[in-house]
Amino acid sequence: MTRASPPLVVTALITLITLIAMIVLYVMGRDLICACGTVKLWGGNAPLTESSKHLLDWYSPSHLLHGFLFFGLLWLVARRVPLGWRLVIATLIEACWEVLENTPMIINTYRELPAGAGYSGDSVINSFMDICLMVLGFWLASRLPVWLSVLIIVGFEALTIWLIRDGLALNILMLIYPIDAVAIWQTGG
């Protein structure tokens, strides 16, 4: 493989990684679309049984932020690697997370948290959009000034924390090290 990142090769690899992840999720038993039989652009106001089953939901911004964060991290540790290959690496990480996130172990862990009560995993179409949003976030981060990227990250985190008492940072915190005070706050107590 050459050091350059030809757009066609990068696009093909990103597509292949995403397709493999979608096949793996389907083989794992994930529904292609919401069991309700519809595909909605926005599923954020859907019943809990439809959470993470439509194209976009309240957790979509966190996947966009994954792209910003992967861009920054890969710039720090692999800045000599061409941008296209860094995007392939980021896509592979995101695809692996989508598969891991939909294993019984992670689904059950989320269910034990206040913000994840009733969570049953993502549909394949929702996971597909999550990967696409990460790619979009990575692309934006590669073109925007750092200050604007930071502002977008802080803004989306503040918005989701305000609207649903959850977000990327709280999600990671509560998944790794649950804090009772945060759990009480998330339930509105």
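Modeller: Let's start with S52, which sits in the loop between α1 and α2; helices here are DSSP runs of H or I with at least four residues, strands are runs of E with at least two, and both are numbered from the N terminus. Before going further, keep in mind that this is a predicted model, where local features need pLDDT of at least 70, side-chain atom pairs count only at pLDDT 80 or more, and totals for chains, interfaces and linings use all residues. Residues are numbered from 1 along each chain as its sequence is written, and side-chain values use heavy atoms, with hydrogens and water left out.

What makes S52 worth a look is its backbone: phi is positive, about 65°, although S52 is not a glycine. As a rule, most residues other than glycine have a negative phi. S52 is also buried, at 5% relative accessible area. The cut-offs for that word are under 20% relative accessible area for buried, over 50% for exposed, and partly exposed in between, using a 1.4 Å probe and protein chains only.

C34 belongs to that loop between α1 and α2 as well. C34 and S52 are 18 residues apart in sequence, with 8.5 Å between their C-alpha atoms. C34 counts as buried because its relative accessibility is 4%. Setting aside neighbours within four places in sequence, C34 is in contact with E50, K53, H54 and S123, where contact means heavy atoms within 4.5 Å.

Beyond its neighbours within four places, S60 is in contact with L55, D130 and L133. If you want a distance back along the chain, S60 and G44 are 16 residues apart in sequence and 9.5 Å apart in space, C-alpha to C-alpha.

V88 is a handy one to pick on your screen: not counting residues up to four places away in sequence, V88 touches V10, L13, I14 and I17.

R165 lies in the loop between α6 (146-164) and α7 (168-176). At 30% relative accessibility, R165 counts as partly exposed, whereas S52 is buried.

A115 is in the loop between α4 (104-111) and α5, and at 34% relative accessibility A115 is partly exposed. Leaving out residues up to four places away, A115 touches Y59, D166 and Q186. A115 and T103 are 12 residues apart in sequence, yet 18 Å apart C-alpha to C-alpha. I184, in helix α8 (residues 180-186), is partly exposed at 48% relative accessibility.

Stepping back to the whole fold, the protein chain has 8 helices and 0 strands. The radius of gyration, taken over C-alpha atoms, is 17 Å, close to the 16 Å that the globule rule (2.2 Å times the number of residues to the power 0.38) gives for 189 residues, so the chain is as compact as a globular protein of that length. The C-alpha atoms fill a box of roughly 55 × 40 × 30 Å along the principal axes. Of the 189 residues, 42% count as buried. Finally, among contacts between residues at least 6 apart in sequence, 68% join residues at least 24 apart.
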